[in-house]
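Here's a quick briefing to read with the model open beside you.

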Amino acid sequence: MKTTRLHIKNMVCPRCVSAVRHLLEQAGYRPAQVTLGEAVLAKDTPADPKEVAPLLREAGFDVLMDRAEQLTEQIKTALAEYLEHLRTARMPLTTSAFLTDRFAATYSHLSKVFSRTANLTIEKYLIRMKIEQVKELLSYGELTLGEIAEQMRYSSGQHLSNQFRQVTGRSVSEFRRDLMPKRMSLDKIA
């Protein structure tokens with residue numbers, strides 16, 4: 001008997017790892033290991049990925065059957081780690097160096113598979129991830145735009161601002177204004 005390795009889409013955080021582990025255990029499987037994007041079932045509870053897929057789909061996850069889809073999901077997981085690397089490393093690697101080191105494959109191959117499967121380039125996907133992280137940091141209201149730009153490795157606040165508008169269609173100011181709770185003037189309170 002051999003182990004079953006499931007490649008799972010939409011796992012983005014530790015809560016997803018817990019949720020997938022819980023779903024598999026509830027269904028009677030014994031997960032030997034669950035990490036972002038992957039679950040390995042113990043030898044004594046093998047499964048056909050097609051049987052497990054509906055169980056995980058109900059919770060918003062998807063079992064990847066195709067090799068290209070699996071690689072694309074692994075690249076997405078690696079890019080999430082790369083964002084953290086960007087924020088914390090003193091001399092961060094380039095995206096291509098980070099990915100080729102991680103996958104032992106040429107960036108050209110990774111890029112081609114990713115673009116074909118995700119209908120988006122790695123660069124555009126990474127920009128969208130960065131902008132989502134910028135939105136999160138803006139929502140906390142603790143950092144200036146310049147501080148966020150520095151933390152996210154933008155050359156300037158203006159560069160971040162321009163990219164934010166390109167991706168979201170709104171300016172940073174408009175985004176911040178929409179985050180503010182709508183207040184009612186005291187004379188309007190009945």
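Are Phe164 and Phe175 buried or exposed? Phe164 is buried, and Phe175 is buried too. Keep in mind that this is a predicted model. With that said, here's a tour of the sheet, the cores and the aromatic rings.

**The sheet**

- Four strands make up an open sheet, ordered β2-β3-β1-β4, with antiparallel pairing.
- On the edges you'll find β2 (31-35) and β4 (62-63), each of which pairs on one side only.
- Strand β1 (residues 4-9) is joined to β4 by 2 bridges, and the two run antiparallel. Ile8 has Val63 of β4 as its bridge partner.
- β1 also pairs with β3 in the antiparallel sense, this time over 4 bridges. Look for Thr4 standing opposite Leu41 in β3.
- β2 and β3 run antiparallel as well, joined by 4 bridges. Here Gln33 has Val40 of β3 as its bridge partner.

- Helix α1 (residues 14-26) lies across β1, β2 and β3 (38-41), and it runs at about 155° to β2.
- β3 is covered on both faces. Glu38 and Val40 are buried on one side, while Ala39 and Leu41 are buried on the other.

- The largest nonpolar core has 33 residues. Within that core, Ile75, Leu79, Leu99, Val134 and Leu160 touch the most other members.
- At least two residues of this core come from each of α3 (67-88), α4 (95-103), α5, α6, α7 (145-151), α8 and α9. The biggest giver is α6, with 9 residues.
- Leaving aside residues up to four places away in sequence, Leu99 touches Ile75, Ala78, Leu79, Ala104, Tyr107, Leu110 and Ile122.
- Another core, of 19 residues, lies apart from the largest one. Its members include Val17, Leu41, Val52 and Val63.
- As background, nonpolar side chains tend to be buried together in soluble globular proteins.

**Aromatic rings**

- Searching the whole structure turns up 3 aromatic pairs.
- One of them is Phe114 with Tyr125, an edge-to-face pair at 5.6 Å centre to centre and 65° between the planes. This pair links distant parts of the chain: Phe114 belongs to helix α5 (residues 107-118) and Tyr125 to helix α6 (residues 122-140), 11 residues apart.
- Phe114 is at 0%, so it is buried. Tyr125 is at 19%, so it counts as buried too.
- Phe164 and Phe175, from the opening question, form another edge-to-face pair, with 5.5 Å centre to centre and 70° between the planes. They also link distant parts of the chain, with Phe164 in helix α8 (residues 157-168) and Phe175 in helix α9 (residues 172-179), 11 residues apart.

**A charge over a ring**

- Where does the charged end of Lys130 sit? You'll find that end over the ring of Tyr154, 4.2 Å from the ring's centre.

Note on methods. Residues are numbered from 1 along each chain as its sequence is written. This is a predicted model: local features need pLDDT of at least 70, side-chain atom pairs count only at pLDDT 80 or more; totals for chains, interfaces and linings use all residues. Side-chain values use heavy atoms; hydrogens and water are left out. Rings of Phe, Tyr and Trp (its six-membered ring) pair if their centres lie within 6.5 Å; planes under 30 degrees apart count as stacked, over 60 as edge-to-face and the rest as tilted. Buried means under 20% relative accessible area, exposed over 50%, partly exposed in between (1.4 Å probe, protein chains only). A charge sits over a ring if NZ of Lys or CZ of Arg is within 6 Å of the ring centre and within 35 degrees of the ring normal. Two strands pair if DSSP finds at least two bridges between them. Contact means heavy atoms within 4.5 Å. Axes are lines fitted to C-alpha atoms, for helices over the stretch in contact, and angles run from 0 to 180 degrees between N-to-C directions. A nonpolar core is a set of buried Ala, Val, Leu, Ile, Met, Phe, Trp, Tyr and Cys residues joined through side-chain atoms within 4.5 Å.
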